[in-house]
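Subject: Handing over the structure, with some notes

Hi,

Here is the structure I promised to pass on to you. Have a look at it, and then read on for what I found.

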Amino acid sequence: MREIAIEIRPETSGDTDRVHEIIERAFGRHDEALLVAALRGRMEPEISLVATATDARRTERLVGHIYFSPVRVGTALRRAIALGPVSVDPGFQRLAVGSQLCRRGLEVCAEIGEPLVFMLGHPEYYPRFGFVAARPLGLFYKSEQFDPAFFCAELAPGAARGFSGEVVYQPEFDG
Ligand SMILES: CC(C)(COP(=O)(O)OP(=O)(O)OC[C@H]1O[C@@H](n2cnc3c(N)ncnc32)[C@H](O)[C@@H]1OP(=O)(O)O)[C@@H](O)C(=O)NCCC(=O)NCCS
């Protein structure tokens, strides 16, 4: 493994262009970067973290990003949080950058008192961070078609109790 030190910190205004570039490079298209740009301002405080890598020559590069947005749950429209997108520069993937972004992101959610975080994504990747299938808890995204990829993480014991029904993301996700 390469000798790099990874640090996770909140995104700052000077990071925005590089964050946009990393999201595009990670996904190989514009959609997710445009989604994050459109979502900005939807949540206060914004949870947007970056990963920086510092190599043996002490050169620091921004190599990863994770974003969170608010969702509404069930007919009561209770607020919760959705994780995603998470992006790692292709040259820095498989070095645990994404894992550190997810773990720190969930810690930040817990620190600000968020009980429940949802995730729509790779079924092999997210369970390691405490995500479990949402449907058995009575929570779902749009239709059964999404059940295999839709997860939630309880940030406090029993946090999902009191939440049930459809999880509705910000309208930008439908764009
Ligand atoms: C998915 C992603 C964030 C993972 O980041 P990463 O820093 O490469 O991942 P880590 O090094 O922390 O973890 C590596 C593990 O993730 C798994 N992994 C990586 N990409 C994966 C994918 N697309 N599907 C399933 N598992 C994946 C690897 O198999 C590896 O598993 P192992 O530890 O059991 O060997 C990164 O590959 C990425 O940016 N991909 C493109 C964008 C994307 O798909 N984002 C997620 C959807 S929102």
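Predicted model: local features only at pLDDT ≥ 70, side-chain atom pairs only at ≥ 80, totals over all residues.

Helices (H or I, at least four residues) and strands (E, at least two) are DSSP runs, numbered from the N terminus. Residues are numbered from 1 along each chain as its sequence is written.

Let's begin with Q170, which is found in the segment after strand 9 (165-168). Is Q170 buried or exposed? Q170 is buried, because its relative accessible area is 13% (buried means under 20%, exposed over 50% and partly exposed in between, with a 1.4 Å probe and protein chains only). The side chain of Q170 makes a polar contact of 3.2 Å with the side chain of R42. A polar contact is a pair of N or O atoms within 3.5 Å; within protein, one must be able to donate a hydrogen and the other to accept it, and residues adjacent in sequence count only if both atoms are side-chain atoms. A polar atom of the Q170 side chain also lies 2.9 Å from the backbone oxygen of P70.

P136 is in the loop between strand 6 (132-133) and strand 7 (139-140). P136 is exposed, with a relative accessible area of 68%. Eleven residues separate P136 and D147 along the chain, and their C-alpha atoms are 9.4 Å apart.

Now for the ligand. Which residues come nearest to the ligand? Of the 18 residues around it, these are V88, R94, A96, G98 and S99 (a residue counts as near if one of its heavy atoms lies within 4 Å). A backbone N or O atom of A96 is 2.7 Å from an oxygen atom of the ligand, and a backbone N or O atom of G98 also lies 2.7 Å from a ligand oxygen atom. In R128, an N or O atom of the side chain is 3.1 Å from an oxygen atom of the ligand.

Helix 1 (16-27), strand 4 (78-88) and helix 3 (97-111) are the elements that give two or more residues to the shell around the ligand. Strand 4 provides the largest share, four residues.

Enjoy exploring the structure!

Conventions: Heavy atoms only, no water.
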